[in-house]
Amino acid sequence: MTMRLMDGSEAIVEAAIQAGLRFYAGYPMSPATELLEYMAEKLPHHEGVCINAATEIEGINMALGAAAGGFRAASGSCGQGLALMQEAIAEAALNETPIVIFNMARNQQDYFQATRGGGWGDYRTITLAPKDLHEAVEHAQLAFHLADKYRVPVIFMGDNLLARTQMGTTLPQLDLAPLPPKDWQLDGTSGGTGKSRQIWTFGCGKTNDPGPGPSKHWERIAAKFDAIAEVEARYEEGFTDDAETLVVAFGSGGKFVEHVVREMRADGHKVGYFRPVTLWPYPGEALERASQGCKRVLVFELNAGQMIDDVRLNVHDRKLVKAIGGVSFDESGLNLGPLMDATVIRERIELAIHGASK
Amino acid sequence: MRQVTRGTLVIDADRCKGCELCIVACPPRVLTMSRTGNATGYLYPELAPGCTGCTACQQVCPDFVFEVYKYHEPIVSGSDAERMQ
Amino acid sequence: MSIVMTTRPPEAPSNKVASFKPTLLQTEEHHLCPGCGEPVAIRLVLEVIEELGLAQKNVSIIGHGCYGSFIMTMDVDSTLCLHGRAPAVATGLKRMRPEVAVWTLQGDGDMTSEGLAEILHATARGENITCILLNNGVFGDTGGQMTASSVIGQRTKNTLEGRDAAYHGYPIVIGDMVAAMPGSAFVARGSVHNAASIAATRRLIRKGFQRQMEKKGLSLVEILTMCPTGWFVPASGGADYMMESLGKTYPLGEIKDIAATEQA
Ligand SMILES: Cc1ncc(C[n+]2csc(CCOP(=O)(O)OP(=O)(O)O)c2C)c(N)n1
Ligand code: SF4
Ligand code: SF4
Ligand code: SF4
Ligand SMILES: [Mg+2]
């Protein structure tokens, strides 16, 4: 594809369709609305369907139906909309239906929602948090790949910056390994054969082909998430070898922090950055390594302190951990606030360093 | 009394749950409940001569207890000796 | 009175005219209560699917209720989805696989209480799906509590003195609501309280699937099913109780058939 200037939302939609997305159902909510609009415009040109759902609950359950039929399917919204989807996200995890949920978040306050979830049962959701649009285009593809590979729900966690910034892109395609055919999909052809298929959270199977039953089934699902945690944690780090101060941030925040840290390095400060690319699985071992020898670990996030829990869980000494972010919205309450600013971030890092050395 | 039997049943009595829906459903009233319980303790239907093979009992039974047959030639009076207990 | 031997098929020449179970059930066994109407309704649906040649061309989307356990025995591709959401799940699947007969199996609690939005919006969109509603006017699975379709005066575990309109509100007659919407193709109400009604209900289910395959819109086939356990009546009394209570609020018959309208 030739280079084109696109809205972030459009680029994400294009990348998802390129990755095989064929069904989307959503409900408008700023800043996720444009995603729905582009889906509605583009999917019908790719033998796909986009439905304007009556509620987020309806939307994600439609996506579950399309995914159960073997198609790449997604729903999307932001915080409150995702809150309404929690029961269905847990269900997708427990009945092993691969779907992608786009959270074009209003801020960074959905970290707990994404990584802890509000559904029931022993499940986790792989959560990809791109730092910019180039990574977002990659993650839009990776999300569907991981969902299908493990038969799990995957959350793509963006924000209003990603949704509404423009970029020039050729939509480069990721080279992802081929996946096995979906021999579990409900295509309706197995009825009366004695081997009809079933997608069911309780895993009991059928008379002719009994399943393990709920306890064993959920034990297997939990083990699957443990296995995912072993291999799918992704992160990015810089200047961690000799850093005295390590700054941890995710998503757009990670991009800002990376920029500030590079600037401060140029000025001679022994600062490093660490960015979890997957919020779950959290790259805990990598963070533990990166934080070795640091005098302080600063956590920058635009919320009252959510990811900081995971940082404390993983650094070698949790007393080193200090929050330098906070709740920060613009006046509308719908977008990232003034704290997401390189100058402000630098001030806060410097205050943490000098305040500590005084 | 001359009794015409056009059909008959296989009754999987041990699966019966004793709801008696078949008893009232049977137009010639040839089903009656047993006096002793089946394997699970439920009373179950027993067939007297005179079944027409209409399948009403099979239609209403929630537990899939009946299989229904129609004789090629109706059996008159008690001559279905082979099937009498 | 003499008793006929019924432990094995007759030896005199005969034809089998009815089997224990429909072909599309893997076993006759189930754990539903004595006198429950749901297994009968499910048998009818499975027989119709086979008659119409849809055995290898259908997917069932099952809600939460006693009927849900049939996911283990129905020999059709199936999923048991979240409570109330079957019409939404069916929508996603049907839009991607329009050639497949997609049907939901729901109770009154599932459809008219938890899932009212889903059935109404699926109807509004005119989805080509067939929704089977097993209406017993009660949450059977949870032990007999009031649903949106419990009738006035009905005693349940949380309407101990009977459903009182002033206190608990009025029942939702979902069939009438769906029939009033332009997206519905066929709406009818049957019952399994006697053999004649069962035969009539089979014809309604058949039309419900035919309209889907003709791409006419959403079909809703409501079937009144006995729940003696949830009504606190003896198993043998379920059929009469049902027609005395639910039968008065929910009259039987076709409510809407777009095919008939088109011919007229
Ligand atoms: C979200 C949710 N809420 C509640 C339940 C509990 N629940 C399971 S079955 C059921 C009742 C279903 O009633 P109905 O659909 O009428 O079916 P019936 O058992 O009467 O056949 C309820 C409330 C559930 N499974 N999920
Ligand atoms: S087949 Fe008809 S006549 Fe025979 S026992 Fe059953 S209901 Fe009665
Ligand atoms: S209808 Fe079926 S379950 Fe009920 S009593 Fe008759 S045989 Fe038994
Ligand atoms: S509780 Fe009611 S609906 Fe459930 S199995 Fe028993 S009789 Fe049937
Ligand atoms: Mg009910």
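1. **Magnesium site.** In this predicted model, the magnesium ion (ligand 5) is held by Asp108(C) through OD, Asn136(C) through OD1 and Val138(C) through O, at 2.1 to 2.2 Å. Donors here are N, O and S atoms within 2.8 Å of the metal (3.2 Å for Na, K and Ca); water is not among the atoms, so sites may look incomplete. The donors run along the chain as D-x27-N-x1-V. Asp108(C) sits in helix α3 (residues 108–114) of chain C, and Asn136(C) in the loop between β5 (130–135) and α5 (165–168), 28 residues apart. Helices (H or I, at least four residues) and strands (E, at least two) are DSSP runs, numbered from the N terminus.

2. Asp108(C) counts as buried because its relative accessibility is 1%. Asn136(C) is buried too, at 5%. Buried means under 20% relative accessible area, exposed over 50%, partly exposed in between (1.4 Å probe, protein chains only).

3. **Ligand 4.** Asn136(C) also belongs to the shell around ligand 4. Cysteines in that shell include Cys33(C), Cys36(C), Cys66(C) and Cys227(C). A residue joins if one of its heavy atoms lies within 4 Å. The shell splits into six nonpolar, three polar and one charged. Ala, Val, Leu, Ile, Met, Phe, Trp, Tyr, Cys and Pro count as nonpolar, Asp, Glu, Lys and Arg as charged, and the others, Gly among them, as polar.

4. **Ligand 3.** This one is surrounded by residues of chain B, among them Cys16(B), Cys19(B), Cys22(B), Cys61(B) and Phe66(B). Its shell has eight nonpolar residues, one polar and three charged.

5. **Chain B fold.** Chain B has two helices and four strands. Their order along the sequence is β-α-β-β-α-β. Of its 85 residues, 58% are buried. Of contacts (heavy atoms within 4.5 Å) between residues at least 6 apart in chain B, 63% join residues at least 24 apart.

6. **The B–C interface.** Chain B gives 39 residues to the contact and chain C gives 44. About 3700 Å² is buried between them, 61% of it on carbon and sulfur atoms. That area is the accessible area (1.4 Å probe) two parts lose on being put together, summed over both. How many salt bridges cross the interface of chain B and chain C? The rule finds one: Lys16(C) with Glu67(B), 3.1 Å from N to O. It asks for a side-chain nitrogen of Lys or Arg within 4 Å of a carboxyl oxygen of Asp or Glu.

7. **Conventions.** Residues are numbered from 1 along each chain as its sequence is written, with chains lettered from A and ligands numbered from 1 in the order written. Local features need pLDDT of at least 70, side-chain atom pairs count only at pLDDT 80 or more, and totals for chains, interfaces and linings use all residues, while side-chain values use heavy atoms, without hydrogens and water.
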